[in-house]
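Visitor: I have a model open and want to learn how to read its features. Where do we begin?

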Amino acid sequence: MSLVIETNNLTKTYKSKGGRPIDVVKDLDLRVERGEIYGFLGPNGAGKTTTIKILLGIIHATHGEAKVLDKYAGDIEAHKKLAYLPERPYYYEHMTGLEIMHFYASLFRIRDDKLCKDLLERVNLQNDMNRPIGEYSKGMQQRVGLAQSLLNDPELLFLDEPTGGLDPLAHKEVRDLILQFRDEGRTVFISSHELSEVERICNRVAIINKGRVIKQGNLVELLTGARVEMVFRGLSPDKAKEFASGDAVISSSGDTVTVDMADTGETNGIVDAVRSAGASVVSIVPRRMRLEDLFVESVREVNSPATAEVTA
Amino acid sequence: MNIILSIAKTTIGEAVRRRILLVILLIGTLFLVVAPSLNMLTARQETTVLKGLTLGVIQITSAVIALVLTVYMLPNEVERRTIYTILSKPVQRWQFLLGKYLGAIGALGLMIGLMTFTLLFVYAAMQGDKKPPLPISLFIADLIALVAMTGRLKDKAMGQVVIGIMAAGLMGILIWLGVQSDQLDTFSEFARTGAMFYVQMCLLAAVGVFFSTFASPVVNFFLSGGVYMVGSLFNTLFDSVSKNADMPTFAKYAVKTIQSIVPNFQNFNVQNSVVNPTQIIRGEAFHYINLAGYGIAYISILLIIAILIFDKKEV
């Protein structure tokens with residue numbers, strides 16, 4: 001798999017009003033592969049938008065390097081093959097949807113009325129293309145944004161909070177479009193807070209906090225196997241507590257006991273111990289975490305005083 | 001060039017719809033129309049004072065428009081994030097800045113043109129018994145039709161042709177008015193004064209764009225306004241300081257430094273020959289070309305520095 005985004009030790013430092021340096025992005029290593037939908041997650045102020053701006057060459061990194069489509073960030077040649085849709089985009093309100101498309105097309109030196117109309121039709125704006133943008137709803141504006149982002153048939157799309165502030169119907173429309181982009185072989189880099197949305201469509205994610213990547217990888221791998229649910233028959237809850245790890249949640253119903261615990265790799269030992277105690281194993285199921293749980297757990301872990309102390 | 005012109009065109013579209021600019025323009029234009037009715041002076045004084053007053057109104061209104069237009073230009077683009085969608089396309093920063101500047105001076109041209117046009121018409125209409133009613137009626141009818149049709153024509157290309165023909169018609173009627181009232185020379189002087197105001201305002205807009213690359217809108221307003229004031233009002237004072245033998249050397253150097261940095265806006269105030277027709281400028285054509293060259297040179301320097309700063313700026 002070839003990489004479309006690659007950053008090494010990417011760092012962006014600003015000076016606070018008191019002159020103290022603040023690392024908004026710190027030693028960021030990202031690897032985004034061609035054809036995937038990559039979720040870039042983090043709490044407010046984590047450094048997501050700053051990272052995107054560095055990748056687009058709008059701001060410059062203090063240290064490290066960033067490559068986009070095999071070019072250094074900001075290279076005009078790379079810009080010919082990428083698209084960016086900012087969070088809550090604004091368009092010149094006096095212009096119609098079609099005029100906006102013509103304007104952005106002209107920035108690529110494209111003069112193709114049919115292409116502009118076709119793209120507006122693709123995002124279901126064929127009946128509104130001659131209305132001023134000022135009359136469009138948020139969802140329609142977002143769809144114009146997505147249509148304009150396809151003008152150059154991009155290989156890579158940066159979408160910053162693409163579904164932010166949209167109603168459920170518009171959410172679905174935008175989500176479907178993003179999935180279509182992936183099916184067409186484009187790479188989509190999504191920065192978002194909408195974790196359920198990211199979980200539905202992303203192949204891989206990176207969670208960043210305070211400018212550092214705290215989790216990165218394949219979404220299925222990250223969410224699977226973090227916990228395990230074991231059901232035993234003929235075991236008392238008190239006995240189950242002796243085998244299970246500290247954070248286990250134990251519940252019983254009739255002669256079965258359910259143990260929900262972190263998968264610490266001790267499952268085989270527990271099974272042996274349970275069998276030695278004369279009980280039987282009904283089922284062992286690795287439980288899939290929700291992305292929200294992973295996100296909250298990862299961010300809390302980093303923000304906890306103990307970690308903060310170690311980091312400091 | 002296509003990219004720069006696209007950005008410029010969009011900037012003009014935005015500018016001519018900004019309410020604050022339209023209000024300033026409306027106040028200025030209204031004053032030009034109402035000014036002749038302040039008829040409390042004798043005939044000779046009336047004409048002289050009126051010319052000076054109305055040209056002054058155009059100058060002040062244009063300066064305020066130039067400042068308001070440019071000080072918010074870049075900050076607005078950043079605040080509304082439009083700059084990000086543009087700079088993420090294959091657009092160089094210099095193309096963006098130049099496009100914005102050309103758009104700003106395009107809008108300024110339209111506004112100064114409208115005010116100069118209004119002034120010419122008002123001046124023609126108040127030519128006492130020489131006032132020809134037919135051209136004036138035609139002018140008003142054409143103007144009303146033009147305003148009514150603007151933006152209502154669905155076919156854009158056809159609309160531009162129609163508007164172009166009607167604007168040319170307005171100009172033609174105006175020239176006819178000038179011929180009929182024996183005021184063609186005065187008309188051309190007004191037009192030249194308007195053109196020099198325009199170069200002056202293009203220079204002020206370049207100052208505004210330059211400061212907007214590093215200053216906030218409010219600071220920019222005062223900085224650009226300050227440069228305009230110094231360049232417009234203090235040159236006579238500076239000249240007298242540098243020629244005064246009693247002044248200390250450091251004061252003379254300070255004045256010379258300010259004079260060489262701050263553009264001389266006063267140069268472009270050529271309305272004296274209009275207000276006092278007895279005043280004659282020698283080598284007039286060369287003088288105007290020289291002035292325009294001075295303005296273009298200063299504008300180029302300011303824009304080059306602005307581009308260099310903007311290229312490194314983190315937006």
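Guide: Begin with contacts. Two residues are in contact if their C-beta atoms, placed from the backbone, lie within 7 Å. In chain B, residues 24 or more positions apart account for 82% of the contacts with a separation of 6 or more.

Visitor: What kind of model is this, and how is it labelled?

Guide: The model is predicted: local features need pLDDT of at least 70, side-chain atom pairs count only at pLDDT 80 or more, and totals for chains, interfaces and linings use all residues. Residues are numbered from 1 along each chain as its sequence is written, while chains are lettered from A and ligands numbered from 1 in the order in which they are written.

Visitor: How many helices and strands does chain B have?

Guide: Helices (H or I, at least four residues) and strands (E, at least two) are DSSP runs, numbered from the N terminus. Chain B has 14 helices and 0 strands.

Visitor: What percentage of chain B is buried?

Guide: Count neighbours. A residue is buried if 20 or more other C-beta atoms lie within 10 Å of its own, exposed if 12 or fewer, and partly exposed in between; the C-beta atoms are placed from the backbone. Of the 315 residues in chain B, 35% are buried.

Visitor: At what angle do H1(B) and H6(B) pack?

Guide: Axes are lines fitted to C-alpha atoms, for helices over the stretch in contact, and angles run from 0 to 180 degrees between N-to-C directions. H1 (residues 2-15) and H6 (residues 93-125) of chain B pack at about 45°, their axes 7 Å apart. That makes H1(B) oblique to H6(B). Angles under 35 degrees count as roughly parallel, over 145 as roughly antiparallel, 65 to 115 as roughly perpendicular and the rest as oblique.

Visitor: Is the crossing of H1(B) and H6(B) left-handed or right-handed?

Guide: A crossing is left-handed if the near helix is turned anticlockwise from the far one by less than a right angle, and right-handed if clockwise. The crossing of H1(B) and H6(B) is right-handed. Residues of H1(B) that meet H6(B) include B:Ile3, B:Ile7 and B:Ala15. Among those on the H6(B) side are B:Phe96, B:Leu102 and B:Gly106.

Visitor: What classes make up that contact of H1(B) with H6(B)?

Guide: Ala, Val, Leu, Ile, Met, Phe, Trp, Tyr, Cys and Pro count as nonpolar, Asp, Glu, Lys and Arg as charged, and the others, Gly among them, as polar. The contact of H1(B) with H6(B) has 11 nonpolar, 6 polar and 2 charged residues.

Visitor: How many residues of chain B are in contact with chain A?

Guide: 21 residues of chain B are in contact with 20 residues of chain A. H1(B) gives the largest share of the chain B side, 6 residues. That side has 7 nonpolar, 8 polar and 6 charged residues.

Visitor: What should I check in the loops?

Guide: Check phi. Most residues other than glycine have a negative phi. B:Arg81 has a positive phi of about 65°. B:Arg81 lies in the loop between H4 (73-79) and H5 of chain B. With 17 C-beta neighbours inside 10 Å, B:Arg81 counts as partly exposed.
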